[in-house]
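My notes follow the structure below.

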Amino acid sequence: MTSTEKPPVPEMTDLLADAPTNWGKWGPDDEVGALNYLTADEVLRGIQHVKKGEVHTLQRLIGDPKGDPVWPGRTPAERTQILDESSWDGADGPAFPGGLHYADDKINAFLQGSTQYDALGHVWYGGQIWNGYDARTSVGGLHKASVEPIAQKGVVGRGILLDMARFRGKATLDKAETFTHEDLQACAKAQGVTIEKRDVLVIRTNFLQLFHEQGDAFYEGFCEPGLVYSDGLVRWFQDMEIPNLVTDTIANEVTFDPNNGTALPLHCALMRNLGVTLTEIADLESLAASSAEDGQYTFLYAAAPLKVHLGSGSPVNPLAIK
Ligand code: UVW
């Protein structure tokens, strides 16, 4: 290899050969992973951070007239009107006793095409998904570690906003900009809070503002900003028993790791190996504005994705209650 040549991109099986896992920690049949940390005590700990009764909804609009940001290769949701008042202009509208009319519509959508929970079986390498299940269990739908058990359980605990854009003095983080768990801790310190064990981490980059500002150019050289893989970061997530990572980006981490060239290694190290649930494309703007104003960066976090049988993800509208 000459000095100008880049080293080959490692296989995930090699990069993560010695990485920690939580496989088996909650038994051989577990499908919700680190969400097991969110016990009744964690719900009560979260409730202690409700001070004003202020509610922030964290879902981005589906069918935004300005467009919906999606992972390259996915398409935004399409909503189709099936019935409306014009359906009764002729003789074809369904007739009901008493003259009832109504509106009906449907959407054709990627389950990961808006603010969403990823199922733990959504991403894998080396032929195995979360908890060691065979990746063939994904054929035709996630027969193991689908979004359904996450939806059955619900996600409630103490949330902490880490406003990385504000911490770095920027309107938005830049394409491919990275940060580490140490940066998250420094951000928390600057905000006057401490990340505690079992917190739901909610990280703001405001990167998707550029989707609306840049139009199609947004996808040129696509590489979102975000957390960057290191063994230390993965072990910190494991030691801190982080149940859920929520971000306002499409894929939670820097898209291509600048240190090794792999795509989405934290999906593998956190989701597939540790069972950390990932939540993406959140809208954190009203929560961030409120937190900057009142200095309260902790809250009750509550979310439940839709119960989609065999689903690899589901839209969600999480709540942050202060
Ligand atoms: C991929 O895993 C490819 O995407 P996401 O986690 O954003 O759904």
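**Ligand shell and a helix pair**

I began with the shell around the ligand, which by class has 5 nonpolar, 4 polar and 3 charged residues. I kept in mind throughout that this is a predicted model.

I then listed the residues around the ligand by name, and they are Trp71, Arg74, Gln112, Gln116, Asp118, His122, Val123, Ile250, Ala251, Leu264, His267 and Glu280.

Next I looked up polar side-chain atoms facing oxygen atoms of the ligand: one of Glu280 lies 2.8 Å from such an oxygen, one of Asp118 lies 2.9 Å from a ligand oxygen, and one of Gln116 lies 3.2 Å from a ligand oxygen. The ligand has 260 Å² of accessible area on its own, and I noted that the protein covers 90% of it.

Finally I turned to helix H7 (residues 231-239) and helix H8 (residues 265-274), and found that their axes come within 11 Å and cross at roughly 30 degrees.

Conventions
Residues are numbered from 1 along each chain as its sequence is written. This is a predicted model: local features need pLDDT of at least 70, side-chain atom pairs count only at pLDDT 80 or more; totals for chains, interfaces and linings use all residues. Side-chain values use heavy atoms; hydrogens and water are left out. A residue is near a molecule or strand if one of its heavy atoms lies within 4 Å of it. A polar contact is a pair of N or O atoms within 3.5 Å; within protein, one must be able to donate a hydrogen and the other to accept it, and residues adjacent in sequence count only if both atoms are side-chain atoms. Accessible areas come from the Shrake-Rupley method with a 1.4 Å probe; for residues, only the protein chains shown count as cover. Ala, Val, Leu, Ile, Met, Phe, Trp, Tyr, Cys and Pro count as nonpolar, Asp, Glu, Lys and Arg as charged, and the others, Gly among them, as polar. Axes are lines fitted to C-alpha atoms, for helices over the stretch in contact, and angles run from 0 to 180 degrees between N-to-C directions. Helices (H or I, at least four residues) and strands (E, at least two) are DSSP runs, numbered from the N terminus.
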